[in-house]
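Here are my notes on the two-chain model you sent. They take each chain in turn and then the contact between them.

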Amino acid sequence: MAESAPLLRMKKITKTFPGVTALSDVDFDLRRGEVHALMGENGAGKSTLIKVLTGVERQDMGRIELEGKPVLAKNPHHAQELGISTVYQEINLCPNLSVAENIFIGREPSRFGAIKWRMVNARAEQALDRLDVRVDVTQSLGSYSVAIQQMVAIARALDISARVLVLDEPTSSLAANEVEKLFQVMRKLKEEGLGIVFITHFLDQTYEISDRITVLRHGELVGCYETALLPRLELVSKIVGKELDNLDDVSQLRNSSAKHVSTETLVQARGLGRKGSVKPFDLDLNAGEVLGFAGLLGSGRTEATRLLFGIDSPDSGTLMIDGEEVRRFSPLQFIRRGVGLCPEDRNADGLVDDLTVRENIVLALQSSRGWLRHIPRRQQYEIADKYIEALDIATPSADQTVKNLSGGNKQKVILARWLATDPRILILDEPTRGIDIGTKTEIQKLVISLAEEGKAIVFISSELDEVIRCSHRVKVLREREVVTELVGDEVEEGRIMRAIAGGWEQ
Amino acid sequence: MNLLKELRERAGNSKLTWPLVALLTIMLFNLFYRPEFFSIEVKEGHLFGSLIDILNRGAPLMLLSLGMTLVIATGGIDLSVGPVVAIAGATAAYLIGHGTHGQDITNTPLPLVILAALLIATAGGLWNGLLVSRVGLQPIIATLILMTAGRGIAQLITEGQILTVYYSPYHYIGLGHLLALPFTVFVVAAVFLLFWFLTRRTALGLFIESIGVNDSASFYSGISEKNVKLLVYTLSGFCAGIAGLIVSSEIKSADANNAGLWFELDAILAVVLGGTSLDGGRFSLAGSILGALIIQSLTTTIYSVGVPPEVIMVVKAMVIMAVILLQSKRFRQAFKPIIGAFLSLTRRGRSLLRTTRLPSGESASE
């Protein structure tokens with residue numbers, strides 16, 4: 001990083017949100033003509049770093065220099081004027097407008113208030129030409145493929161003045177050949193001297209396109225590496241936060257609870273799968289057992305839980321719960337069979353944030369009883385208070401609106417919702433994501449003690465450490481497929497990481 | 001003192017406070033400008049007067065806004081209630097009058113007439129519910145279909161005529177009296193109680209609010225959001241059916257073109273005035289009743305004060321705008337000084353009241 005001043009330098013960036021430190025002392029730099037991959041699991045701080053860079057959030061501490069001069073973007077528009085352009089994961093364009101309109105919306109060249117359409121179209125063609133894309137710019141954007149839409153989003157982001165381009169998971173919705181096309185464009189822009197920040201969780205793509213990799217974890221910088229010099233396995237270990245030679249501290253908790261695992265099979269899946277979601281897999285889960293799912297973000301672990309809770313219907317295979325085959329896939333059916341799910345995205349799929357703590361806690365129990373068998377108010381308070389105390393939920397009262405709670409307490413409310421239904425099978429998808437360390441440990445202990453009570457648990461976490469500490473068995477997923485299952489002493493970092501990395505380097 | 005403080009806090013938190021303030025303001029206006037507004041006479045054992053009139057004439061709107069409240073609470077909207085009012089009225093008038101040649105008799109027994117009208121209106125609601133919950137249309141589009149088609153259906157039933165109802169027992173629904181009060185008051189009360197029971201004594205209210213706030217999370221929690229949505233649209237159709245019976249009974253005829261015209265918009269307005277957000281979530285049935293009463297008493301007041309007909313709509317719009325602004329927290333904060341002055345005035349008035357009522361040393365200090 002020596003020669004000349006880098007194109008972009010972020011120094012000691014710190015950003016805290018109420019209850020969480022999203023970034024602490026993170027350094028990042030970007031050279032001209034470089035593709036720099038930014039990697040890390042959920043809650044690592046990738047998106048916060050980008051938000052600080054593009055002016056969506058303001059850092060608490062630290063400075064940003066662009067070509068040696070300190071800059072501070074006030075908002076994304078200002079960032080773009082400074083030369084920092086971003087293409088977000090979800091393409092936020094208007095499918096019903098034309099391609100040209102999408103590229104120039106909000107900054108159309110005009111004279112006396114009338115838009116000069118000929119100029120708009122000509123410039124749009126030029127902008128796309130730069131990316132080697134040739135389409136009819138007067139057609140509506142929606143009539144083109146996702147890949148083209150992505151290019152249009154990039155064309156829109158790339159003003160003449162753009163010097164830094166941020167691509168936030170641009171490939172997650174693209175097919176393989178479309179990804180290749182995107183990479184061609186990235187290489188071309190690279191040659192023009194642009195610096196590209198590439199956020200992705202696909203290892204293959206990182207190795208194909210990037211020059212350097214910066215890894216974040218828990219809001220802290222793990223390190224910045226030359227891609228060519230960093231073995232895949234080591235990268236995985238950096239992302240999940242375990243050094244390979246540090247393999248000894250296998251959990252006491254798990255070993256002590258292993259004797260509780262019974263032979264009673266509660267869940268049995270055979271060839272369960274869904275096209276475009278997760279490839280067919282087998283699964284057996286016994287009472288008193290914790291089954292971990294390990295895999296990077298996007299590996300299919302969440303998709304698998306959607307099948308196990310009836311959010312999605314499988315298009316192949318069978319699922320038996322408690323010896324009975326499930327035919328109708330809806331959450332209600334699964335709740336009535338004693339299954340509960342804490343979803344990965346607790347704000348979107350878990351919390352009903354304008355309702356009170358009490359209402360959120362009784363929701364699943366009430367829906368499993370049906371709307372006619374109303375839980376009397378007094379009993380609702382009893383249930384809510386019981387779990388507020390048992391899980392130590394910090395809230396002034398059961399009547400507090402849930403959106404006013406902190407992240408950890410919100411998660412506890414959702415846990416309480418499921419515990420109130422007294423489930424026999426509990427699926428926890430990232431139950432500790434974005435939660436402070438103290439609460440994290442509490443939840444891990446809760447998982448173990450629930451298993452000891454004879455519940456069967458599916459435990460998913462981006463943190464390998466946590467999966468290993470809690471699980472009796474671990475299924476490893478990679479690219480929407482269950483690649484292996486590890487039992488007992490096989491549950492250790494080395495094996496899991498090799499399975500995640502794809503086993504090239506053994 | 002603590003009790004009062006708590007009361008004030010509750011009033012500050014309650015959604016009913018501002019609609020109540022608006023309604024009282026309209027009443028206060030009448031108290032100063034037209035004291036006879038409050039006079040209630042007894043004629044032939046029935047109560048008569050502007051207040052009774054508001055209750056009676058507001059009945060259809062109150063019914064529609066009850067149904068609309070639940071729909072809006074799930075995050076939806078029902079534009080079809082006006083035309084459904086016309087369909088229900090047309091059905092009833094047709095079944096009664098068909099082939100009776102203007103005599104005071106009915107072609108179909110009255111209970112059957114009522115049942116049929118309610119059934120067809122409820123079926124209309126069910127249709128909306130199916131389009132929204134099963135076909136997945138956006139509520140505004142789904143109900144727009146019946147809004148457009150509904151008047152046509154009513155026309156088909158009445159064969160393009162205004163059907164006059166000569167059968168006098170039918171007139172009782174909209175014009176009759178029970179225990180000195182208009183019969184419609186009891187109808188509204190019964191439907192209100194039914195809805196209140198459905199939503200507050202079963203889990204339906206919780207489900208509706210949960211869906212309105214976050215339907216994905218509700219689905220994950222096992223709530224059959226599709227069935228709940230189906231139900232609320234069906235209930236809204238049912239309410240429109242009752243309103244249709246009242247309207248056609250009141251004017252002793254079924255007018256496919258004009259019965260319930262623009263009622264859907266008034267009903268939406270009543271719900272919003274009552275403090276239920278169009279975004280869905282928390283709802284208040286009592287608030288919607290208050291909202292409907294605000295609209296009806298405003299209309300009655302404007303007419304009786306003698307506002308020139310050509311500016312009636314403008315006056316109405318201005319008052320409603322004021323009421324809605326009053327409900328907005330941001331507006332209240334921006335205009336705190338003015339409202340603060342207004343409040344301190346009322347507070348002084350209230351403390352004056354209190355000292356006169358409680359002479360036993362209870363001080364008026366705040």
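1. Two residues are counted as in contact if their C-beta atoms, placed from the backbone, lie within 7 Å. On that basis, residues 24 or more positions apart account for 69% of the contacts in chain A with a separation of 6 or more. The corresponding figure for chain B is 77%.

2. This is a predicted model, in which local features need pLDDT of at least 70 and side-chain atom pairs count only at pLDDT 80 or more, while totals for chains, interfaces and linings use all residues. Residues are numbered from 1 along each chain as its sequence is written, and chains are lettered from A and ligands numbered from 1 in the order in which they are written.

3. Chain A has 18 helices and 22 strands, and chain B has 17 helices and six strands. Helices (H or I, at least four residues) and strands (E, at least two) are DSSP runs, numbered from the N terminus.

4. A residue is called buried if 20 or more other C-beta atoms lie within 10 Å of its own, exposed if 12 or fewer, and partly exposed in between, with C-beta atoms placed from the backbone. Of the 506 residues in chain A, 48% are buried. In chain B, buried residues make up 45% of 366.

5. Helix α10 of chain A, residues 301-308, is mostly covered, with seven of its eight residues buried. Among them are A:Arg301, A:Arg306 and A:Leu308. Just after α10(A), A:Gly310 takes a positive phi of about 75 degrees.

6. The contact between the chains takes 24 residues from chain A and 21 residues from chain B. On the side of chain A that touches chain B, α11 (331-336), α12 (346-350) and α13 (357-369) each supply at least two residues. The largest share, six residues, comes from α13(A). The residues of this side of chain A divide into 14 nonpolar, five polar and five charged. Here Ala, Val, Leu, Ile, Met, Phe, Trp, Tyr, Cys and Pro count as nonpolar, Asp, Glu, Lys and Arg as charged, and the others, Gly among them, as polar.

7. Which residues does B:Ala217 touch, leaving aside its neighbours within four places in sequence? They are A:Asp349, A:Gly350, A:Leu351 and A:Val352. B:Ala217 lies in helix α11 of chain B, residues 215-220. B:Ala217 counts as buried because 26 other C-beta atoms lie within 10 Å. The C-alpha atoms of B:Ala217 and B:Ala22, 195 residues apart along the chain, are separated by 36 Å.
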